[in-house]
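Subject: Structure for you to look at, with notes

Dear colleague,

I am handing over the structure we spoke about, and I would be glad if you could look through it alongside the notes in this message.

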Amino acid sequence: MRLRHKKNLETRLEAANDYLITLRTESRNFNDAKNEKNIIDLEEIFGNTNPVYLEIGGGKGQFACTFAEQNPEVNMLCIEKISDVIVLACEKAKEMKLENVKFICCAAEYLEAFLPEKSFEAIFLNFSCPFPKKSYASHRLTNERFLNIYKLLLKDGAPIYQKTDNMHFFEYSIEQFSKCGYEISNVSLDLHNSDFEGNIVTEYESRFVSQGMPIYRLEARIKASD
């Protein structure tokens, strides 16, 4: 589905500037950009030393804003690469008057260039694009190249939480997590018909559940060294 360009996008982004972190890079090449290392200061951005959680591919901000609202003692950093989408997330946070959520507009390939290592309590991957064509597998957010980036960002023992409606993508993710040295736990093949508590329903999730589709969920952590 083609995304419509938002009217007055730049003006709307400027109005939500308190929630949007502006990044600086001289290169549009992912491999070059990561070597520039323009690392942001999380304590300065949030104004505190509270634990920071990371969502990658946050869409319109439903999950990030709800998580931030329910957990005022922590900070939420949300990554979304499409400006026309992230503006809606920023506006939602502004409307809710949240003080513990920030957004970055960039692709996940850039994360190690901007985010400090060993800084995040958890990473959320909610309904990432499955890129079903095999030729696009390297773009999947659970592909090996991204899982290796997440290793750098997560604190020791910190989890990745994944949810998806796509069975084949879920199976692929399990293979990739295992290949990259992650331990998988708390796997659900039908989240909404399980005993799991505390689930935050995203925009996509609500749509899929209304269509009777199962939601797949897992947790993954780096295996502890012997």
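Predicted model: local features only at pLDDT ≥ 70, side-chain atom pairs only at ≥ 80, totals over all residues.

I begin with helix 5, which covers residues 83–96 and so comprises 14 residues under the DSSP assignment. From its first C-alpha to its last, helix 5 reaches 20 Å, which is close to the 20 Å expected at 1.5 Å a residue. Its buried residues are Asp84, Val85, Ile86, Val87, Ala89, Cys90 and Ala93, and the elements that cover them include helix 1 (9–15), strand 1 (20–21), helix 4 (62–70) and strand 4 (101–104). Just after the helix, lysine 97 adopts a positive phi of about 60°.

Turning to charged side chains, the search of the whole structure finds 8 salt bridges, and I describe some of them here. Arginine 12 and glutamate 91 meet through their side chains in a salt bridge, at 2.8 Å from N to O.

A second bridge joins glutamate 109 to arginine 145, with the closest N and O atoms 2.9 Å apart. Here too distant parts of the chain are linked, for glutamate 109 sits in the loop between strand 4 and helix 6 (111–114), while arginine 145 sits in helix 7 (residues 144–153), 36 residues apart. Because buried means under 20% relative accessible area, glutamate 109 counts as buried at 13%, whereas arginine 145, at 32%, is partly exposed.

The side chains of glutamate 219 and arginine 221 also form a salt bridge, at 3.4 Å from N to O. Glutamate 219 is buried, with a relative accessibility of 8%, and arginine 221 is partly exposed at 27%. Salt bridges with shared partners join Arg217, Glu219 and Arg221 into one network.

As for the aromatic residues, the structure holds 12 aromatic pairs. One of them is the tilted pair of phenylalanine 63 and phenylalanine 124, whose centres lie 4.8 Å apart and whose planes are at 55° to each other. Phenylalanine 63 lies in helix 4 and phenylalanine 124 in strand 5 (residues 120–126), so this pair ties together parts that are 61 residues apart in sequence. Both of these phenylalanines are buried. Another pair, phenylalanine 177 with tyrosine 182, is edge-to-face, at 5.3 Å centre to centre and 70° between the planes, and both of its members are buried.

Which charged residues sit over a ring? Lysine 102 lies over the face of tyrosine 19, at 5.8 Å from the ring centre, and arginine 140 places its charged end over the ring of tyrosine 172, 4.4 Å from the centre of that ring.

Note on methods:
Residues numbered from 1 in each chain as written. Heavy atoms only, no water. Helix = DSSP H or I, 4+ residues; strand = E, 2+ residues; numbered from the N terminus. Expected span 1.5 Å × (residues − 1). Buried < 20%, exposed > 50% of the residue type's maximum accessible area, 1.4 Å probe, protein only. Contact = heavy atoms within 4.5 Å. Salt bridge = Lys/Arg side-chain N within 4 Å of Asp/Glu carboxyl O. Phe/Tyr/Trp six-rings, centres within 6.5 Å; stacked < 30°, edge-to-face > 60°. Lys NZ or Arg CZ within 6 Å of the ring centre and 35° of its normal.
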